[in-house]
Amino acid sequence: MKKARQANFELLRIVAMLMVIALHYLVKGGVACSFVGKSTPVNYFAWLLEAFCLVAVNCYVLISGYFLVESEWRPGRTASLLCQVLFYSLLIPLAFMLVGVIPFGSVSLYEWVEYVFPISTEHYWFATAYVLMYLFAPLLGAGIRQMDKRQMQVIIGLLLFFFCLVKSVVPIFLATDRFGYDFGWFLCLFVIAGYIRRFGIPWLEKKSHAAVLYVLTAAATWGVSMACRILGERFGILESYADTPYTYNHIFCLIGAVSLFYVFKDSNIREGKVSEIICRLAPYTFGVYLLHEHKLVRYLWPEWAHVEAVTGSWSFIPHMLGCIILVYGFGSAIDFIRAKLFLIVGNGVKGYRDRK
């Protein structure tokens, strides 16, 4: 694919990470707080914003699946992913000790195990699910390339029945439901992305259809959840279902993610300065996640940003936008440095091998 064409997906990758930061601001910053007693318009609006950003993780995985299904699997890429995760997992606690954020010796043995084995301990749930999905990618890709359209539709239908549809309509907690926080759901998204790559979804090829469907599913997520909260407060029914639409493997979130994916898939970004900037920024999005979602940082950065000062006030909107830009910008800068360090080390290792 041409660079200008890839810029569409790279832009979606950036937008998805901005949405992820927004989700963490709203939830971990306490802006989209639980509905206890009388709710305010600010609280309702915060939950609406969360509904529009909820598709971010699914979109990120759809992008990967869309390209991996036709790509040659490289073990070196897996090693690079693991090293990138380990870089942040280990560096942050060491840096915090050096600057005095946490005292030396305060980190327990179990916490060091989490930092040394971040994938196995699910330090970053997304990284764990993504790496496992990447390991299955060559097997899934080979199978997808051999199947016809009808076979893929049946497989996707069955997968969605177990992972998505049942939990979306049954108002009780299901023992197998991980809310989309696991590699099983990522495998479903990979298969869907492979279907899109091979056969497409004709109705969504029209960008206006995709955009409208994205808005409608976000509104449905918010509306169903709010209705359940109201029914729960007044009549004591369906209150336990109120949070279900705000999960990654809910049918609304899935349809919204596929729709937003199509909005960017069929966009045309011309080659030029804008396309170049997008393609330069996009490779550092994963680093932004690894930095601000580290166990020691994920609840600390909202405190540093004094999110609590704007909770319950409409001033949270400009404050949130500023925080998103700062977190994304700082995270990209750090990952840029990390990438340069990895390049220097990689070149050094390659030179040493060549000399031997």
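How does Glu 205 count at 34% relative accessibility: buried, partly exposed or exposed? Glu 205 counts as partly exposed, where buried means under 20% relative accessible area, exposed over 50%, and partly exposed in between (1.4 Å probe, protein chains only). The structure is a predicted model, in which local features need pLDDT of at least 70 and side-chain atom pairs count only at pLDDT 80 or more, while totals for chains, interfaces and linings use all residues. Residues are numbered from 1 along each chain as its sequence is written, and side-chain values use heavy atoms, with hydrogens and water left out.

Salt bridges are described next. A salt bridge is a side-chain nitrogen of Lys or Arg within 4 Å of a carboxyl oxygen of Asp or Glu. Side chains of opposite charge can pair when their charged atoms come close. In total, 11 salt bridges are present in the structure. In one of them, Glu 205 meets Lys 265, with an N to O distance of 3.7 Å. This pair links distant parts of the chain, 60 residues apart: Glu 205 lies in the loop between H8 and H9, and Lys 265 in helix H10. Helices (H or I, at least four residues) and strands (E, at least two) are DSSP runs, numbered from the N terminus.

Asp 177 forms a salt bridge with Lys 167, in which the closest N and O atoms are 3.0 Å apart. Here 10 residues separate the partners, Asp 177 being in the loop between H7 and H8 and Lys 167 in helix H7. Asp 177 and Lys 167 are both buried.

A cavity is a set of points where a 1.4 Å probe fits but cannot get out; a pocket is an open set with protein on both sides within 12 Å along at least five of seven lines; lining residues have an atom within 4 Å of a point. Grid points are joined across faces, edges and corners, and a volume is the space filled by probe spheres set on the points.

The largest pocket has a volume of about 760 Å³. It is lined by 25 residues, and the closest to its centre are Glu 10, Arg 13, Arg 74, Arg 77 and Tyr 130. At least two lining residues come from each of helix H1 (3-28), helix H3 (56-68), helix H4 (75-99), H6 and helix H12 (285-292). By class, this lining has 11 nonpolar, 7 polar and 7 charged residues. In this scheme Ala, Val, Leu, Ile, Met, Phe, Trp, Tyr, Cys and Pro count as nonpolar, Asp, Glu, Lys and Arg as charged, and the others, Gly among them, as polar.

The second largest pocket has a volume of about 600 Å³. Of its 28 lining residues, His 24, Val 27, Glu 50, Tyr 181 and Tyr 248 lie nearest the centre. H1 gives the most to this lining, with 6 residues, and helix H2 (41-53), H3 and H6 each supply at least two. The lining divides into 19 nonpolar, 3 polar and 6 charged residues.

The search of the whole structure finds 1 cavity of 30 Å³ or more. The largest cavity holds about 40 Å³ of space. Its lining residues include Ala 51, Leu 54, Tyr 214, Phe 252 and Cys 253. Helix H9 (207-235) and helix H10 (251-265) each supply at least two residues of the lining, and the largest share, 4 residues, comes from H9. The lining has 7 nonpolar, 2 polar and no charged residues.
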